[in-house]
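Open the model in your viewer and keep the selection tool at hand. This tour goes from the whole chain to single residues.

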Amino acid sequence: MGSSSFPSDPGLLTISAKIVVAGGFGVGKTTLVGSVSEVPPLNTEAWMTEASEGVDDLPPDGTKTTTTVAMDFGRISLYPDLMLYLFGTPGQSRFWFLWDDLSRGALGAIVLVDTRRLDQSFAAINYFENDSELPFIVAVNLFDGELAHDLAEVREALALRPEIPLITCDARKPASAVAALQELVSHTLSLAEVSESGRIRANA
């Protein structure tokens, strides 16, 4: 996917915004950023070794051999006048101290969820509900392309507030990942209003 998908308009003012892609260990954050980025994504991946056994809760398919130790970074022209810079957070608890820095100045966040390991999602959702003022949505990553549980059941299991959007997303597919980003931007704009000074502030 490239920025050439939109016609060039030299008179169009392009706005840039920062988006956080968060979630537990191995839920697909690196995959999502890589699937939509118009530039080669920056990944701070490290090989997993025996030292991580008993520390990191490995995904059940046993295929994950690397882990993000700082962040993922990518860029996408979501609309002709909107450029998004994507920052994927590390999922392991020992790197959570980076989340505040990665979230600073962001427009909003997508929290990816793996329904096979819902417990890995609680910390991320708790962070954005209680420790951050960022608008966020929750996206169930469709591993194997299938939705294992009804979204209403997932919402109940996560104790997710009714006003928080809950959607599905296949992080491997660019179109699906783009749709999730569009949902986040729409949700963020629905919570904001333009003040007389032209600045965006959250509704009370």
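Colour by secondary structure and follow the chain: the pattern along the sequence is β-α-β-β-β-α-β-α-β-α-β-α-β-β. That comes to five helices and nine strands. Here helices are DSSP runs of H or I with at least four residues, strands are runs of E with at least two, and both are numbered from the N terminus.

This is a predicted model: local features need pLDDT of at least 70, side-chain atom pairs count only at pLDDT 80 or more, and totals for chains, interfaces and linings use all residues. Residues are numbered from 1 along each chain as its sequence is written, and side-chain values use heavy atoms, with hydrogens and water left out.

Show the surface. Of the 204 residues, 45% count as buried, meaning under 20% relative accessible area with a 1.4 Å probe, protein chains only.

Now select helix 1 (residues 29-36) and helix 5 (residues 174-190). How do they pack, and at what angle? The angle is about 100°, with the axes 9 Å apart. That makes helix 1 roughly perpendicular to helix 5 (65 to 115 degrees). Axes are lines fitted to C-alpha atoms over the stretch in contact, and angles run from 0 to 180 degrees between N-to-C directions.

Show side chains at the crossing. Helix 1 brings L32, S35 and V36; helix 5 brings P174, A177, V178 and L181. Contact means heavy atoms within 4.5 Å. By class, six of these residues are nonpolar, one is polar and none is charged (Ala, Val, Leu, Ile, Met, Phe, Trp, Tyr, Cys and Pro count as nonpolar, Asp, Glu, Lys and Arg as charged, the others, Gly among them, as polar).

I76 counts as buried because its relative accessibility is 1%.

Next, go to Q120, in the loop between strand 5 (108-113) and helix 3 (122-131). Is Q120 buried or exposed? Q120 counts as buried, at 17% relative accessibility. Its side chain reaches the backbone nitrogen of F25 at 3.4 Å.

Last stop: helix 4 (residues 151-158). At its start, a side-chain oxygen of D150 comes to within 2.9 Å of the backbone nitrogen of A152. Just after helix 4, A159 takes a positive phi of about 55°.

Notes. Parallel < 35°, antiparallel > 145°, perpendicular 65-115°, else oblique. Buried < 20%, exposed > 50% of the residue type's maximum accessible area, 1.4 Å probe, protein only. Polar contact = N/O pair within 3.5 Å; in protein donor to acceptor, adjacent residues only side chain to side chain.
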